[in-house]
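User: I would like to learn how to read the features of this model. Please take them one at a time, with the general idea before the case.

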Amino acid sequence: MRRILIVLSLLILGLVACRQAAIETINVDELSAERQEASEKVLKQNCQSCHAPFADTDTRLAPPFFAIRKHYLKEYPEKGDFIKAIMAFVDKPSEEKVLMKGARKKFGLMPPINLDIDVLNDLAIYLYDEEQPSPHQPGSDVEIQSPESEVKRLALSTKKVLGKNLMQALSKGGKDYALSFCNLNAIRLSDSMSMQLGSLIKRVSDRPRNPGNRATEAEAKLIQEYQKMLTNGEALEPRIVKTATGLKGYHAITTMSMCLQCHGKKGADLDPSFYEEIKKLYPEDEAHAYGLDEIRGLWVIALDSL
Ligand code: HEC
Ligand code: HEC
């Protein structure tokens, strides 16, 4: 038994050492057009749901890359140092590595994002070489909101609370903790949000984990429609629909890498023994086998009650 333990710890140490060694030997080449495009896509799929470039301060989950790039360029003007610092942070965020103390305090520590070393290296080169869009603040406070933008605002601010809680749970206690947390808090969240926002807001899915979140037939159709639009690269604008029970606003919920450890493919992103735990809580679970950037469900907002 001892021998096995020793071999196991050596193996784990070896793996960690390998990953660090890989970050030591980085690549600083200019990216080909193809790799640049690939990096842009990685950024969109794995980072921008939190680091949204144009979100306003109310709905933001993390600072925009424009600001991150500025801080890192100032601290690490050398390309190699910049790339190493970005890679080290994304691979394993820690208090010591944080440059943006204000953002850390406001949003909590970022959870680690698991990317292939080469993909992460290219992404860091991309962030060094390319200017990132600067968020300009339209005078949203004074504008009268259209119903569409109101749906978007409510969905995003709910997502912000949920995402922030989930992120904190994931970085604090791992996914087992996040699971029990998510389970209880998803419900508490929609209650407190509906009180706070004076509206009825909920999440539904055509492949729900909690059977209480099952989409109606019409909602399932809308999910399919959004899935098609996403595949075609079209913008997922919110929808306003008149239903038998009143005016409803819908906003698509898409998957990103953080979601897949609970909603991904068994044996790939979703650990099979962890999935056993999920099944104990949700014996009828259908919310697994998702990939990146798929429609996971909808936020539904009852607009009549606004
Ligand atoms: C789940 C939300 C989330 C995702 C996804 C995410 N981040 Fe972050 N990120 C944060 C938060 C919150 C902060 C600010 C707090 C901190 O520094 O930890 C942050 C900060 C950063 C910082 C600055 C750290 C510093 O020194 O202060 C970098 C660099 C960064 N993220 C890169 C990335 C990249 C690259 C990706 C995609 C591969 C990514 N992030 C995906 C939430 C996220
Ligand atoms: C730590 C595990 C975990 C992570 C990570 C996670 N979820 Fe979930 N998710 C759950 C659980 C558990 C439920 C069931 C909650 C309930 O009982 O209402 C759920 C429910 C949902 C629902 C409601 C519909 C349904 O299936 O019941 C949506 C939509 C959803 N998750 C989307 C996401 C998205 C998008 C992400 C990534 C941003 C994500 N989840 C990340 C565990 C997780």
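Analyst: The residues of the shell around ligand 2 divide into eleven nonpolar, six polar and four charged. In this scheme Ala, Val, Leu, Ile, Met, Phe, Trp, Tyr, Cys and Pro are nonpolar, Asp, Glu, Lys and Arg are charged, and the others, Gly among them, are polar. The model is predicted: local features need pLDDT of at least 70 and side-chain atom pairs pLDDT 80 or more, while totals for chains, interfaces and linings use all residues. Residues are numbered from 1 along each chain as its sequence is written, chains are lettered from A and ligands numbered from 1 in the order written, and side-chain values use heavy atoms, without hydrogens and water.

User: Which residues around ligand 2 come nearest?

Analyst: A residue is near a molecule if one of its heavy atoms lies within 4 Å of it. Of the 21 residues around ligand 2, the nearest are Arg209, Cys259, Cys262, His263 and Arg296.

User: Which elements each supply at least two residues of that shell?

Analyst: Helices (H or I, at least four residues) and strands (E, at least two) are DSSP runs, numbered from the N terminus. Helix H7 (147-197), strand E3 (246-254) and helix H9 (257-263) each supply at least two, and H7 gives the most, with six residues.

User: What lies 2.7 Å from an oxygen atom of ligand 2?

Analyst: A polar contact is a pair of N or O atoms within 3.5 Å. A backbone N or O atom of Arg209 lies 2.7 Å from an oxygen atom of ligand 2, and a polar side-chain atom of Tyr282 lies 2.7 Å from an oxygen atom of ligand 2.

User: Which donor from the protein does the iron atom of ligand 2 have?

Analyst: Donors are N, O and S atoms within 2.8 Å of the metal (3.2 Å for Na, K and Ca); water is not among the atoms, so sites may look incomplete. The single protein donor to this iron atom is His263 (NE2), 2.2 Å away; His263 is in helix H9.

User: Why is the arrangement around the iron atom of ligand 1 octahedral?

Analyst: Six donors count as octahedral if opposite donors are over 155 degrees apart and all others between 65 and 115. The arrangement is octahedral because the six donor atoms subtend angles of 86 to 179 degrees. His51 (NE2) and Met110 (SD) coordinate the iron atom of ligand 1 at 2.0 to 2.1 Å. His51 is in the loop between helix H2 (33-46) and helix H3 (65-75), and Met110 in the loop between helix H5 (101-107) and helix H6 (117-129), 59 residues apart.

Note on methods: A polar contact is a pair of N or O atoms within 3.5 Å; within protein, one must be able to donate a hydrogen and the other to accept it, and residues adjacent in sequence count only if both atoms are side-chain atoms. Four donors count as tetrahedral if all angles lie between 85 and 135 degrees; four count as square planar and six as octahedral if opposite donors are over 155 degrees apart and all others between 65 and 115; anything else is irregular.
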